[in-house]
Amino acid sequence: MHDDLASAIDAHFPKLRKTLEDLVRIRSVSAPGYDPDEVHRSAEATADLLRRVGMRDVRLLELPGAHPAVFGELPAPAGAPTVLLYAHHDVQPPGPAIEWDTADPFEPVERNGRLYGRGTSDDKAGIVAHLGAILAHDGKPPVGVKLIIEGEEEIGSAHLEDF
């Protein structure tokens with residue numbers, strides 16, 4: 001099974017990388033003073049990605065005064081457990097431009113085989129890793145999957161329990 005999964009991941013890798021690059025380009029800074037529409041746009045893009053890999057009941061979770069979270073699920077095969085996976089689609093502010101080695105922190109750049117840009121690892125890569133696991137199993141993992149991707153982790157997850 002491992003070789004089959006490794007081959008499936010290799011086959012999906014170029015598409016997953018492009019997905020990560022597209023997510024990084026969304027300026028989803030959740031901190032006060034930044035455009036909350038970008039966080040909402042990030043949630044919508046994330047929901048669309050979940051739908052594309054076959055997740056069901058995909059929806060934005062919205063509360064007054066909160067950045068949206070995204071939910072989706074895949075039912076468990078008979079007798080199998082369900083796992084809850086987590087990620088977040090918001091990012092930290094980029095900080096002073098002078099401290100970046102790139103022209104735009106929201107434009108992904110590869111250097112020495114690594115991808116740099118705001119959110120490439122924390123945590124838009126988490127979203128893409130979950131998508132990759134689902135794709136590697138052809139949308140039918142051996143367990144049920146519930147996925148919550150919040151938009152406020154970088155500001156303390158103030159509404160996560162309410163969601």
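**Exercise 1. Find which residue in E2 is the bridge partner of Leu61, and how E1 and E2 run relative to each other.**

Step 1. In strand E2, Leu61 has Ala69 as its bridge partner, where strands are DSSP runs of E with at least two residues, helices are runs of H or I with at least four, and both are numbered from the N terminus. The model is a predicted one, in which local features need pLDDT of at least 70 and side-chain atom pairs count only at pLDDT 80 or more, whereas totals for chains, interfaces and linings use all residues. Residues are numbered from 1 along each chain as its sequence is written, and side-chain values use heavy atoms, with hydrogens and water left out.

Step 2. Another residue, Arg59, stands opposite Phe71 in E2.

Step 3. E1 and E2 (residues 69-74) run antiparallel and are joined by four bridges; two strands pair if DSSP finds at least two bridges between them.

**Exercise 2. Work out in what order the four strands form the open sheet, and which strands stand at its edges.**

Step 1. E2 is also joined to E6, by five bridges in an antiparallel arrangement, and Glu73 has Lys146 in E6 as its bridge partner.

Step 2. The order of the open sheet is E1-E2-E6-E3, with mixed pairing. E1 (56-61) and E3 (82-88) each have a single partner strand and stand at the edges, so one side of each is left without a neighbour in the sheet. From one strand to the next the twist averages 10 degrees, angles being taken from 0 to 180 degrees between N-to-C directions of axes fitted to C-alpha atoms, for helices over the stretch in contact.

Step 3. Five of the six residues of E2 are buried, so this strand is largely enclosed by the rest of the structure; buried means under 20% relative accessible area, exposed over 50% and partly exposed in between, with a 1.4 Å probe and protein chains only.

**Exercise 3. Determine which strands helix H2 lies across and which strands helix H3 touches.**

Step 1. Helix H2 (residues 36-52) lies across E1, E2 and E6 (144-150), and runs at about 175 degrees to E1.

Step 2. Helix H3 (residues 124-136) packs on the sheet and touches E2, E3 and E6, its direction making about 150 degrees with that of E3; contact means heavy atoms within 4.5 Å.

**Exercise 4. Decide whether Asp57 is buried, partly exposed or exposed, and give its phi.**

Step 1. Asp57 lies in strand E1, and its phi is near 50 degrees, a positive value in a residue other than glycine.

Step 2. Its relative accessibility is 41%, so Asp57 counts as partly exposed.
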